[in-house]
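Here are my notes for you, written as numbered points. Keep the viewer open and look up each residue as you read.

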Amino acid sequence: MRFYISDLHFFHENMNHSMDNRGFESAEAMNEYMIKQWNKKVRNNDDVVILGDLSMERGAKTSEVVRRLNGRKYLIVGNHDKYLDDRSFDKTLFEWIEPYKEIKDDKRKVILSHYPIFCYNGQFQLDKEGNPKTYMLYGHVHNTYDEVLVNHFQNITRLQKRTIKNSEHEHPTPSNMINCFCMFSDYVPLTLDEWIELDKTRRQTLTF
């Protein structure tokens, strides 16, 4: 299985009191809960793509946490992943480390970036049934007003109709951007299909 998750911010004490207001009594308690949530879902033969901002600590302590997380791990670099510059961090804990990546997941293209990309590669591709062939997975904005703006952009985009390849009729313009923020899934990495369903339900409650 392949899973995705973003912005765990291990060791980031301020996440409990500002921005996210996660509510844990300490960074240590937050770390332990996130490790438990990860490992109850992920097995050692699973793949997990982390969409940036894994940890706020230096290399050695971050390595200790990564070793406790099940599965093969892949990192899209976020703006807070400074531990990568620390020689004490074991980069071999990741299968790859990239600033941006395009992969396949069950015959669908997945665009991986820490930052939301509004005009992503493959955005207009649909299959013969009119289903999206490309999804853009991102993080960075957590559950802030920036996420509301991303949602507003997607709603506006989908109102625009155009003729798309493999179709003779006009369709709403595809915009399939999913924020894989860890708090949305209670810190559990999810499959692409699980994120699609969670995202669909969550966005119904967002207002501009």
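This is a predicted model: local features need pLDDT of at least 70, side-chain atom pairs count only at pLDDT 80 or more; totals for chains, interfaces and linings use all residues.

1. Next, follow the strands. β1 and β2 run parallel to each other and are paired over four bridges. If you want a landmark, look for Ile5, whose bridge partner in β2 is Ile50. β2, which covers residues 47-50, also pairs with β3 in the parallel sense, again over four bridges. On that side Ile50 stands opposite Leu75 in β3.

2. How does the chain get from β2 to β3? Trace it and you will pass through helix α2, residues 59-68, in a β-α-β crossover that is right-handed. β1, α1 and β2 also make a β-α-β unit, and that one is right-handed too.

3. Stay with β3 for a moment. This strand takes in residues 72-76, and four of its five residues are buried. Besides its pairing with β2, β3 pairs in the parallel sense with β4, residues 94-98, over three bridges. There, Ile76 stands opposite Glu98.

4. Which residues of α1 are buried? They are Ala27, Met30, Asn31, Met34, Ile35, Gln37, Trp38 and Asn39. These buried residues pack against β1, β2, α2 and β3.

5. Then pick a residue in the other helix, α2: Ser63 sits there. Is Ser63 buried or exposed? It counts as buried, because its relative accessibility is 1% and the cut-off is under 20%. Leaving aside its neighbours within four places in sequence, Ser63 is in contact with Ser88, Phe89, Asp90 and Leu93.

6. Asn16 is buried, with a relative accessible area of 5%. Its side chain reaches the backbone nitrogen of Phe24 at 3.3 Å. Leaving aside neighbours within four places in sequence, Asn16 is in contact with Asn21, Arg22, Gly23, Phe24, Ser26, Ala27 and Met30. Take Ala27 from that list: Asn16 and Ala27 are 11 residues apart in sequence, and their C-alpha atoms are 7.7 Å apart in space.

7. Asp20 is in the loop between β1 and α1 as well. With a relative accessibility of 11%, Asp20 counts as buried. What joins the side chains of Asp20 and His142? A polar contact of 2.8 Å does. Leaving aside neighbours within four places in sequence, the contacts of Asp20 are Met15, His142, Phe181 and Met183.

8. Last, two backbone angles to check. Asn21 is not a glycine, yet it has a positive phi of about 50°; you will find Asn21 in the loop between β1 and α1. His140, also a residue other than glycine, has a positive phi near 70°. His140 lies in the loop between β7 and α3. It is partly exposed, with a relative accessible area of 27%.

Definitions and conventions
Residues are numbered from 1 along each chain as its sequence is written. Side-chain values use heavy atoms; hydrogens and water are left out. Buried means under 20% relative accessible area, exposed over 50%, partly exposed in between (1.4 Å probe, protein chains only). Two strands pair if DSSP finds at least two bridges between them. A crossover is right-handed if, with the strands pointing away from the viewer, the path from the first strand over the helix to the second runs clockwise. Contact means heavy atoms within 4.5 Å. A polar contact is a pair of N or O atoms within 3.5 Å; within protein, one must be able to donate a hydrogen and the other to accept it, and residues adjacent in sequence count only if both atoms are side-chain atoms.
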